[in-house]
Amino acid sequence: MSVLWSAEPAVRTAGPPVGPPVGPPPAADRVRRAAAHWWPLLPLIVTVLLLAAPLAPQSQAGSGGLAPADLASGVLVLFALVRVVRTRARPLTPVAAIVLGIPAVGFAVATVTAADPQAGLPGLVRYLQVFVLVPAAVVLLLRDARDFRVVIGCLTALALVQGAIGIHQYATGTGASYMGEDIRAVGTFGPTDVMGMATVVAYGLLAAAALALRPPAGTPRKVRLLAPAAAGVLIVPLALSFSRGSWIATAVAALAMILLTGLRQAVRALAVLTAVGVVLVGGFGVGSEMISQRLSSITQVTAAPDRSVTDRYTMWDAATSMWREQPAAGVGLKGFPAHRDGHASIGLSSGSDTAGAGHAFQKQPLLSPHNMYLLVLSEQGLIGLTAFVGSWAAVLAGGVRRLVHARRVRTAAADCGLAAVGLMLWQTVDFLYADIGGPSTVLTGVVLGLAAWWALAARDEKTPA
């Protein structure tokens, strides 16, 4: 017996080691693990980054073509649906489902009650894509703050690419036509979608500003330096877009974000922002004369308004006239162009002149009032406007509430909340001067999804972000 017991340790030590291997996993294992973690975000990332690619002529605004990002958004929605079915996870919280789904009621009512429901079907699909399906897909695919930051990083990268193209267009005189010169920065979106680059750049600027104002714990020093630098650089193409609505929306959103960070940091941020503006415009003279003229035109709405301002206010009057005629359900989706001439005054021009950025001169028809709220009011009536504004107000209010709470909880992702509130507020203000249309519209759905995830998605806020 003593011999048998003394031999047992030798038998045990002779075999292979028991338990997991000691040391870091091989590089191939790390790659596989990273791919397994991030691949669910791939359709969302592709949808955003595809807007950096040059657009074919048939994809330009007003041509009726589908942009690659629109097709990618369809894949995104299908992917999110299949993933929910396969994982059998709870799709959305009841509150999120109601808030994101209620605008569909207004869309459906406006389509069914229209004089020609079939003509409104393309509008129904577009509205569902931008305001219901894509936002819901974003909420379903985002799992935590890290996923949110990946998407925000893609928005910033897209903005830097488009902004660089826009600056090059201004410097070389290859942009869209503006005041007789081909200097307007429009990126790859062309002269028929002059708001496209401005929208993308504003998104990226606010995303970078959120990270600069509230960097999460453990952020590398390089990222802490690059975030404010990116936000500062993006001011240049935004200014060179000569888009008054984007300037106003960005100023309002950025100021709100700064104030939401606290008084002490707000003072520092405002001082830095003022210095950057003085250096860019005063020091380097980046389009200072034309920018000042464009800024002054914002207040010239009665004394000496330019043609674009006159057309805008004429179309606003036409939209309210349509609503007074059909107050409950409006004239139907896609009904504004058909009813425009019957409600607009003779002061409305036949269209806006577009040229430059590789495109020949053409007259672009005025098919919308360039105010999203008036467009919804005229085409969907009080039913649609109540559902639309109520949904957006719920997302914005919920986002602000969670952001205020996140400032008191160190483990909460305050940078994500700051970006979500800033982007949502920007879009809310910008819709006073613009509406959906063009390839960049798909990003509106992505931004709404980011804001809805922050405001409405169920998650454990005690978990470190």
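A: Strands β1 and β2 make up a hairpin with 2 residues between them, and Met179 in the turn has a positive phi of about 55°. This is a predicted model, in which local features need pLDDT of at least 70, side-chain atom pairs count only at pLDDT 80 or more, and totals for chains, interfaces and linings use all residues. Residues are numbered from 1 along each chain as its sequence is written, and side-chain values use heavy atoms, with hydrogens and water left out.

The two strands, β1 (residues 176–178) and β2 (residues 181–184), run antiparallel and are joined by 3 bridges. Two strands count as paired if DSSP finds at least two bridges between them. Strands are DSSP runs of E with at least two residues, while helices are runs of H or I with at least four, both numbered from the N terminus. By this rule the protein chain has 18 helices and 4 strands.

Phe242, which is not a glycine, has a phi near 55° and sits in the loop between α10 (221–240) and α11. Phe242 is buried, because its relative accessible area is 0% and buried means under 20%, with exposed over 50% and partly exposed in between (1.4 Å probe, protein chains only). Lys334, also not a glycine, has a positive phi of about 65°; its place is the loop between α14 (307–325) and α15 (336–343).

The account now turns to helix α8 (residues 145–172), where Gln162 lies. Gln162 has 0% relative accessibility and therefore counts as buried. Beyond residues up to four places away in sequence, Gln162 touches Leu51, Ala52, Gly187, Thr188, Phe189, Met197 and Val200, where contact means heavy atoms within 4.5 Å. One of these, Met197, is 35 residues from Gln162 in sequence and 6.3 Å from it in space, C-alpha to C-alpha.

Helix α9 (residues 194–213) packs with helix α11 (residues 244–260): their axes come within 10 Å and cross at roughly 10°. The two helices are therefore roughly parallel, since angles under 35 degrees count as roughly parallel, over 145 as roughly antiparallel, 65 to 115 as roughly perpendicular and the rest as oblique. The axes are lines fitted to C-alpha atoms, for helices over the stretch in contact, with angles from 0 to 180 degrees between N-to-C directions. On the α9 side, residues including Met195, Ala198, Leu205 and Leu213 meet residues of α11 that include Ser246, Thr250, Ala253 and Ile258.

Leu205 of α9 is buried, with a relative accessible area of 8%. Neighbours within four places in sequence aside, Leu205 is in contact with Ala231, Leu234, Ile235, Leu238 and Thr250. Leu205 and Ala230 are 25 residues apart in sequence, and their C-alpha atoms are 7.1 Å apart.

Another packed pair consists of helix α6 (residues 103–112) and α7, whose axes are 10 Å apart at an angle of about 175°. These two helices are therefore roughly antiparallel. In this pair Ala104, Phe107, Ala108 and Thr111 of α6 meet Leu121, Leu124, Tyr127, Leu128, Phe131 and Val132 of α7.

Val134 is found in α7 (residues 121–141), and Val134 is buried, with a relative accessible area of 1%. Its contacts beyond four places in sequence include Ser73, Leu76, Val77, Val442 and Val446. Val134 and Val446 are 312 residues apart in sequence, but 6.4 Å apart in space, C-alpha to C-alpha.

The largest nonpolar core has 112 residues, and Phe131, Leu142, Phe148, Met372, Leu443 and Leu450 touch the most other members. Such a core is a set of buried Ala, Val, Leu, Ile, Met, Phe, Trp, Tyr and Cys residues joined through side-chain atoms within 4.5 Å. Helix α16 (residues 372–406) supplies the largest share of this core, 13 residues. Beyond four places in sequence, Leu450 touches residues including Val138, Leu142, Phe148, Ala420 and Leu423.

For the chain as a whole, buried residues make up 48% of the 465 residues. Among contacts with a separation of 6 or more, 77% join residues 24 or more positions apart. Cys154, at 10% relative accessibility, counts as buried, and Cys416 is buried at 1%. With a disulfide taken as a pair of cysteine sulfur atoms within 2.5 Å, the count comes to 0 disulfides.
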